[in-house]
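Colleague: I would like to learn how to read features from a model like this one. Could you walk me through a few?

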Amino acid sequence: MGFMEIRQARTTDAPAVTPLLAQLGYPDNHEEDVRRRLERWAAHPEGAAFVAVSGDGVVGVIAVVAIPLLEREGSVGRIVALVVDESQRGTGVGRELVTAAEEQALRWGCVAMEVSSSRRRTGAHAFYRARGYEDRCERSAKFFRELTA
């Protein structure tokens with residue numbers, strides 16, 4: 001891969017981010033919905049979305065948020081989403097996006113990073129392990145509940 005820039009995502013990136021989200025397994029996104037979400041991320045005081053841009057346009061996206069801790073000082077940075085275009089995987093795009101997210105988390109005062117990944121995404125697990133992330137599912141469970149108004 002040639003030159004690549006990592007920058008904050010813009011609402012105008014929605015046409016490129018929408019198909020990336022489909023590659024991640026979320027095909028029901030509409031461009032206008034993604035544009036609104038990118039706008040919300042841009043306004044979040046301790047959240048950020050970054051894109052990787054090459055000569056091919058936007059080739060990856062990551063979103064990270066700082067979660068304040070109550071039990072000790074600091075916050076934890078959480079990678080909310082990460083996807084690299086299928087044609088660019090294995091070229092360093094994901095590594096650069098994670099680095100940008102971690103650097104931003106450090107600026108927010110985060111003392112650690114976390115990410116959840118579906119058990120079926122074994123390639124993603126290897127990617128995170130190679131970056132020093134540990135699978136801690138044996139130590140704690142992750143519970144999820146949909147909220148309705």
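Colleague: Let's start with rings: how many aromatic pairs does a search of the whole structure find?

Modeller: First, some ground rules. This is a predicted model, where local features need pLDDT of at least 70 and side-chain atom pairs count only at pLDDT 80 or more, while totals for chains, interfaces and linings use all residues. Residues are numbered from 1 along each chain as its sequence is written, and side-chain values use heavy atoms, with hydrogens and water left out. Now the rings: a pair is described by the distance of the centres and the angle of the planes. Rings of Phe, Tyr and Trp (its six-membered ring) pair if their centres lie within 6.5 Å; planes under 30 degrees apart count as stacked, over 60 as edge-to-face and the rest as tilted. The search of the whole structure finds one aromatic pair. Its rings belong to Tyr128 and Tyr133, with centres 5.7 Å apart and planes at 65°, so the pair is edge-to-face.

Colleague: Are Tyr128 and Tyr133 buried or exposed?

Modeller: Buried means under 20% relative accessible area, exposed over 50%, and partly exposed in between (1.4 Å probe, protein chains only). Tyr128 counts as buried at 10%, and Tyr133 counts as buried at 12%. For contrast, look at Leu147, in the segment after α4 (122-130). Leu147 is exposed, with a relative accessible area of 72%.

Colleague: What is His125 in contact with, leaving aside its neighbours within four places in sequence?

Modeller: Contact means heavy atoms within 4.5 Å. His125 sits in helix α4, and helices here are DSSP runs (H or I, at least four residues), as strands are (E, at least two), numbered from the N terminus. With those sequence neighbours left aside, His125 is in contact with Ser117, Ser118 and Arg119. His125 also counts as buried, at 13% relative accessibility.

Colleague: At what angle do helix α1 and helix α2 pack?

Modeller: Axes are lines fitted to C-alpha atoms, for helices over the stretch in contact, and angles run from 0 to 180 degrees between N-to-C directions. Angles under 35 degrees count as roughly parallel, over 145 as roughly antiparallel, 65 to 115 as roughly perpendicular and the rest as oblique. Helix α1 (residues 14-23) and helix α2 (residues 31-43) pack at about 105°, with axes 9 Å apart. The two are therefore roughly perpendicular to each other. On the α1 side the contact is made by Ala14, Pro15, Val17, Thr18 and Leu21, and on the α2 side by Glu31, Val34, Arg35, Arg37 and Leu38.

Colleague: Which residues does Val34 touch, leaving aside its neighbours within four places in sequence?

Modeller: Val34 belongs to helix α2 and is buried, with a relative accessible area of 3%. Beyond its sequence neighbours, Val34 is in contact with Ala14, Val17, Thr18, Leu21 and Asn29.

Colleague: Which residues of α1 are buried?

Modeller: An α-helix has 3.6 residues a turn, so residues three or four places apart point the same way. In α1, the buried residues are Ala14, Val17, Thr18, Leu20 and Leu21. They cover an arc of only 165° around the axis (taken from the directions from the helix axis to the C-beta atoms), which puts them on the same side of α1. These buried residues pack against α2, β2 (47-54), β3 (57-68) and β4 (75-84). After α1 comes Gly25, whose phi is positive, near 110°.
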